[in-house]
Amino acid sequence: MTQPELPWKGGCRCGEVRLKISAKPLLTMACHCTGCQRMSSSAYSLSVAIPSEGFEVTQGEPVIGGMHDENLKHYFCPYCMTWMFTRLEGFDWFVNLRPTMLDDPSWFTPFVETWTSEKLPWVTTPAKHSYPALPAIDEYQGLIKEYGEEAS
């Protein structure tokens, strides 16, 4: 599906925290790991990697929740506790946004799915690339390039 024109806006379930996206996504993903299953209360979590310079919290102050790890920061609305986005230590150039935080997520389709070794047996996604764990670090550049070409 064609992505809507930027900027995109979004927010948590209650509307206390609002976001603005002004850069095209790098990659879209579904993660089947058991941690994401538990944090999302679903079969998997969805992510859209946004360049950090194109990501802005415009209202409210998200708090860190979920798994408290020094390298992985999960941000939630402090009021409704919606899991909104994740930042990875050492990878400050992008933010993993939960695409359902966008006011219009209808364009979203996962391009990559990860941790299929932990997926629930009945789950399928339309992702073009599947990995039993994570792609090798040197594969990401090619995935981002391919996604960019197909999303244009």
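Some 32 residues line the largest pocket, and L72, L88, N96, L134 and Y140 are the ones nearest its centre. Here a pocket is an open set of points on a 1 Å grid over the protein atoms alone, where a 1.4 Å probe fits, with protein on both sides within 12 Å along at least five of seven lines; lining residues have an atom within 4 Å of a point. This is a predicted model, with local features needing pLDDT of at least 70 and side-chain atom pairs pLDDT 80 or more, while totals for chains, interfaces and linings use all residues. Residues are numbered from 1 along each chain as its sequence is written, and side-chain values use heavy atoms, leaving out hydrogens and water.

The volume of the largest pocket comes to about 840 Å³, taken as the space filled by probe spheres set on the points. Its lining splits into 23 nonpolar residues, eight polar and one charged (Ala, Val, Leu, Ile, Met, Phe, Trp, Tyr, Cys and Pro count as nonpolar; Asp, Glu, Lys and Arg as charged; the others, Gly among them, as polar).

Now for strand β2, residues 18-21. β2 runs antiparallel to β1 (residues 8-11), with four bridges joining them, and W8 sits opposite I21. Four bridges also link β2 to β5 (residues 55-59), again antiparallel, where R18 has Q59 as its bridge partner. Pairing takes at least two DSSP bridges between two strands.

Note on methods
Helix = DSSP H or I, 4+ residues; strand = E, 2+ residues; numbered from the N terminus.
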